[in-house]
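Please look through the sequence and the model before reading on. The report below takes up a few features in turn.

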Amino acid sequence: MKTVKNAAGRTVPLEINGQSVIPFKGIGKHIPEGRKYSPFIPSCANFPDDGNKVVSSLEEALQKCGLRDGMTISTHHHLRDGDLVSNKIFEIASAKGVKNLIWFPSASFPCHEPLIKFLDDGTINRIEGSMNGPLGRYVSEGKMKGTAVLRSHGGRVQAIQDGEVKIDIAVLAAPTSDSFGNAKGTSGPSACGVLGYAKADFMYADKVIVVTDNLIDLPCFPMEIEGNYVDYVVVVDKIGIPEKIISGTTQITKSPDRLLIADLTASFLEKSGILKDGVSMQAGAGGTSLAIAVFISEILKNKGWKSKLGFGGSTKYMVKMLEDGLMNFILDAQVFDLDAVKSIENNKNHVPYSVFNAYNYHSKGNLTSMMDIMILGATEIDLNFNGNVVTHSDGYLLHGIGGWQNCLHARNVILPIPLFRDRIPVIVDEVTTLCGPGEMIDVVITERGIAINPLRKDLIERVKGKGLPLRTLQELKDEAELICGVPQKPQFEDEVVAAIKWVDGTVIDVVRKIK
Amino acid sequence: MKNSAAISGNSGPKVRSDCEIALELKSDGGIFIDLISKVKSLYGDSIVSLTKEVLDFFGIKHAFVKITDSGALPFVIEARLESVVKQLISTQQEYLPPHLKENNYSTERHRFRFSRLYLPGNTPGLMINSGLHSADGIILDLEDSVAPGKKDEARLLVRNALRQINFYGAERMVRINQGKRGLEDLHFVIPHNVNLVLIPKCEDAEDILQVEKMIESIKMKFNLNNDVFLMPIIESALGLENSFKIANSSKSIVAIAIGLEDFTADLGIQRTIDGKESLYARQRLIIAAKAAGIQPIDSVFSDVADMEALKLTVKESKSLGFEGMGCIHPRQIPLIREGFAPDATEIEKSKKIVLAFEEAKQKGFGVVALGSKMIDPPVVARAQRVIDLAVCLNRLSPDWVKDE
């Protein structure tokens, strides 16, 4: 296979799954031309006058959509680990003897492990989306027939819009829908909050199926999935397992070490002046991020400041900031707990805001680049601040990219991470898999010190002499290795098992088969 | 006759940074190592070579070793290996990991001991980052937090931890066991730069003298001249009755603590949140300590989740005269530090008193007055102590007089 060194110095193939690909050219360097991809023209004459698109089963809907070999089937991940719909699609396809499908989810979860048998029997050729846990292991061991393609949430929308991925059938689980296919996520027994990740799917797929367990009278309002894009509606007993869709309550970390990191992060944000009146911010749902949100709230309160804007995934902690008057608005792409679901339904300043606009490379502007504070994680960071979020130091693919790459465009990208996890150091000479270029990562905060990217001279200047434990990544790495020892490197074969796309659709790195 | 198979350490889904090692001595066939580890692809080779090195050190040529590893650091693996070996063969040899040069510091008799963090002596996962939480002292506990069957292996782990973990300046403390086992414990800790030894369930000055004698003999043997301070813990009615004698029994004693769980059990009463049942005991201990010129230290507060109650307890403790408290979780540390440190009003008041004193001295006045109130010398001395403390805790600039 022909390979080339891309602009990040990584050796990548020029062809993946039989299609030619563009190697990474540098940040903001790839500017495609032409028009966006468009699906077939539908005509309302082909749809029932009474607006009732309900068919008897998912099988019938798939049949009517012309399910056949080699199609690309998309799903969204708003039901998270409680998703009962995705596996069902491939059970039906397998029973019908359909082969070589491409599954194009916005993310996968441990509940999708049963799909391995459909990868084994040839029903599914490959997955283009995130690879979590068991699926990742399967891919790393070289067992998947096609090559996996990992994209960020924004990269997924980019791939749909520029025609890199053509969705044949979008199967969209919807907690509430009417018979026309207008659907929303805020109510119903499987409520998941918003449905933002489904937007590109219903707009660009050739055929769209809405699957619901809560059919209501027309109109379902406010709808996030618009019925005029929908071909069929299927009613099933259950689309999801509620307690696995939304955690009853998200909790801040109890780990003293992580609380220390959170405390240090809040202190850094305050002393650097990044945290200020009118700040805009995004923090995830991990225990450390939640603790940071709580500490930030305290600082805002003490100073009489307000955040003008928080970008979700939201949790009760962000909702509390909104309700306590410490935050003016929450824009939300996904909600993580019940308090956040309730809030987005009832609070007019808590607004669903799809990734379509926030993360997408082909949008005319990007919300994340307007964020002052961006709190992110990583499995590895190398001495040049390059980040890895998909593989572990042992070389196994275990996570998806999520919105991580898109969020790197924020003004201040802060990575609070423990220096080592159960003897596994986080700071390495060179990341196993490159997911984000170091020039976009500003600060790494560990329990043993803070490393600021030398490119951020302004930040270095602003925190000088303020009592923060500033270190270089090299010093932190040395300290970790003194404690843990120097790890061996994982051994790989030449075979490429997964491609890592940058936000613009170019290939920034690949994952190779574990030896 | 010793057995031919032994086991040491911990494994299981919740165990982190530890390993379980099973060793079976064989008569031939060399060393066979079965390693199950979540970090095998990163450290597998080094774990195997370390294992061979340790076994070779003890002269073991033929054995079957099963290691179930959850990310244990080398010093932990070494302690677990030494422990299984010593269950099977008699040897005086010790496999010592390098002693970090960062761990060579000594401490002062009068340093603050507001917060001291208890760490179970056989749980390495809790030790590794313990120095990061700014406790005044770290206690590696060989006593009540270690299961009876695990006490021998804990000694080796604590010994290795003292050599290998950087506690970032926290006072390095070990709580030994009671009685004869406690005296034996000292052999495993004293040669490795312990700053302070906690002696549990003290009832008599003789308990202290025995420990002191043993420490002296070990120091002599290893030619050590660092200070090893002592902190007796009073945990019974008899101990309390003898508390002044105990507090005064050795010049190495720098503090005396009360252990209320055992104390209330000894009295056959329930320990309550407001602690009325132990008020007399605590006050008596404080007076014994003050009379002996050492620090009185309060019992641990055992409900980690109840931070509000801890806050009230600290406030009361400080008002009674205690100068510190044990912590069983790092999250208690900031609250306890905060609670025992002088607050803003106290600092302001003390500044006024000290300034008035300086002014009187300059003017050659015999009496110090603040407004219309006369101030006695002990009040000035106490104010000076508060100021020193505030400066030491970065709550007051050392040049504060100039700023006034």
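## About the model

This is a predicted model, in which local features need pLDDT of at least 70 and side-chain atom pairs count only at pLDDT 80 or more, while totals for chains, interfaces and linings use all residues. Residues are numbered from 1 along each chain as its sequence is written, and chains are lettered from A and ligands numbered from 1 in the order in which they are written.

## Chain B as a whole

Chain B has 15 helices and 14 strands, where helices (H or I, at least four residues) and strands (E, at least two) are DSSP runs numbered from the N terminus. Its C-alpha atoms fill a box of roughly 90 × 45 × 45 Å along the principal axes.

Of the 404 residues in chain B, 43% are buried, a residue being buried if 20 or more other C-beta atoms, placed from the backbone, lie within 10 Å of its own.

## Two domains in chain A

Chain A is divided into domain 1 (55–247) and domain 2 (256–495), with bounds that come from an automatic or database domain assignment. The contact between them takes 33 residues from domain 1 of chain A and 34 residues from domain 2 of chain A, two residues being in contact if their C-beta atoms, placed from the backbone, lie within 7 Å.

## Helix 11 of chain A

In helix 11 (residues 338–346) of chain A, the buried residues are A:D339, A:A340, A:V341, A:S343 and A:I344. These buried residues pack against helix 10 (316–323), strand 17 (330–332) and strand 18 (350–352) of chain A.

Terms used
A residue is buried if 20 or more other C-beta atoms lie within 10 Å of its own, exposed if 12 or fewer, and partly exposed in between; C-beta atoms are placed from the backbone.
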